[in-house]
Amino acid sequence: MTSARLWQRFTPAERMARFTVYFAVVAAIAASLQTVQVIPEFISDAPEQMADMLRRMWPVAWGFYPEGVHEPLLDSLHIATLGTVFAVLMAVPVAFLAAKNVTPFAWVNYTAKVILVSARSVNTLIWALFFVAVFGPGALAGTLAIAFHSIGFTGKLLGEALEESNRGSIEALQAAGAPWLAVALKGYWPQVRPAFWGIVLFRWDINVRESAVLGFVGAGGVGMALDTALNLFQWERAAMILIAIFAVVLAAEVATTQLRKRIL
């Protein structure tokens with residue numbers, strides 16, 4: 001008579017691996033709490049401080065919009081739009097160099113991917129601090145910060161779309177003796193066009209959000225107006241600026257959604 005087998009969901013090795021992962025997560029959380037040095041008194045006092053700040057923000061200074069919010073808000077939109085355009089112009093050639101099926105040279109692929117990783121590994125605010133130091137405060141620094149940070153995001157996703165393209169039409173064009181530009185325009189572009197426009201619209205939507213905070217480091221836009229209001233404790237004006245930023249971000253989300261439906 002054979003003994004009954006005991007069914008177990010995980011093997012001993014799998015249970016040990018799961019325990020190791022759980023233990024590492026708990027240890028990381030415990031170490032983070034000690035490093036952050038959370039002060040319980042500040043946490044318990046946070047609701048009262050938040051309520052006090054909201055009372056200071058009311059009533060909202062609606063009349064401040066024409067003179068102090070409208071122009072900086074337009075600057076933020078211009079920074080996001082121009083930054084996205086410059087990023088696309090710089091990212092497209094790098095994406096072609098990073099795609100293995102387009103550029104069959106390993107060292108070129110590696111160099112292009114290093115450029116993409118380097119661009120997106122530096123935060124937009126860090127880029128803004130750098131360009132403010134080079135060009136001085138203003139919208140130019142913000143535009144370049146948005147552009148250089150967006151290269152990594154745009155180039156990576158576009159390069160992946162190029163690598164996933166069907167080789168049939170590409171090989172047919174190459175066999176017919178078509179030049180490289182014709183192969184790119186007639187072979188690759190029709191296949192990656194939906195992905196390209198989706199990437200561009202999504203990146204512009206992100207850049208609209210990021211452009212609102214670049215002013216805190218002097219890179220132009222509505223963030224400079226918000227920073228001034230906060231430094232001067234003008235809470236009613238700060239509330240007006242925050243509402244305007246929220247409205248623009250919401251409008252950008254609706255606009256990109258509708259454009260995706262029409263284009264894609």
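Predicted model: local features only at pLDDT ≥ 70, side-chain atom pairs only at ≥ 80, totals over all residues.
Okay, let's start with the helices. Two packed helices are described by the angle between their axes and the distance between the axes, and I'll go through two pairs that way.

As for the hand, α4 goes past α5 in a left-handed crossing. Who's touching whom? On the α4 side we have V94, L97 and A98, and they meet V108, N109, A112, K113, I115 and L116 of α5. Sorted by class, that contact has 7 nonpolar residues, 1 polar and 1 charged.

Now stay on α5 and look at its packing with α7, which is residues 139–163. Here the axes are 6 Å apart, and the angle is about 140 degrees. So α5 and α7 are oblique to each other as well, and α5 passes α7 in a left-handed crossing. From α5, the residues involved are K113, L116, A119 and R120. Across from them, α7 brings F148, H149, I151, G152, F153, G155, K156 and E163. The class count for this one is 5 nonpolar, 3 polar and 4 charged. If you're clicking along, K113 and L116 are worth a look: both turn up in the contact with α4 and again in the one with α7.

Right, on to the cores. In soluble globular proteins, nonpolar side chains tend to be buried together. In this model, the largest nonpolar core has 22 residues, and V69, V222, I241 and I245 have the most contacts inside it. Which elements give two or more residues to this core? That would be α4, α10 at 222–231, and α11 at 235–263. The biggest giver is α11, with 10 residues.

Let me zoom in on I241. Leaving out residues up to four places away in sequence, I241 touches F64, V69, V222, A225, L226 and A229. Apart from that core there's another one, of 16 residues, with V102, L158, A184 and V192 among them.

Last stop, A28, which sits in helix α1, residues 12–36.

Note on methods
Residues numbered from 1 in each chain as written. Heavy atoms only, no water. Left-handed = near helix turned anticlockwise from the far one by under 90°. Helix = DSSP H or I, 4+ residues; strand = E, 2+ residues; numbered from the N terminus. Contact = heavy atoms within 4.5 Å. Nonpolar A, V, L, I, M, F, W, Y, C, P; charged D, E, K, R; others polar. Core = buried A, V, L, I, M, F, W, Y, C linked by side-chain atoms within 4.5 Å. Buried < 20%, exposed > 50% of the residue type's maximum accessible area, 1.4 Å probe, protein only. Axes fitted to C-alpha atoms, helices over the stretch in contact; angles between N-to-C directions. Parallel < 35°, antiparallel > 145°, perpendicular 65-115°, else oblique.
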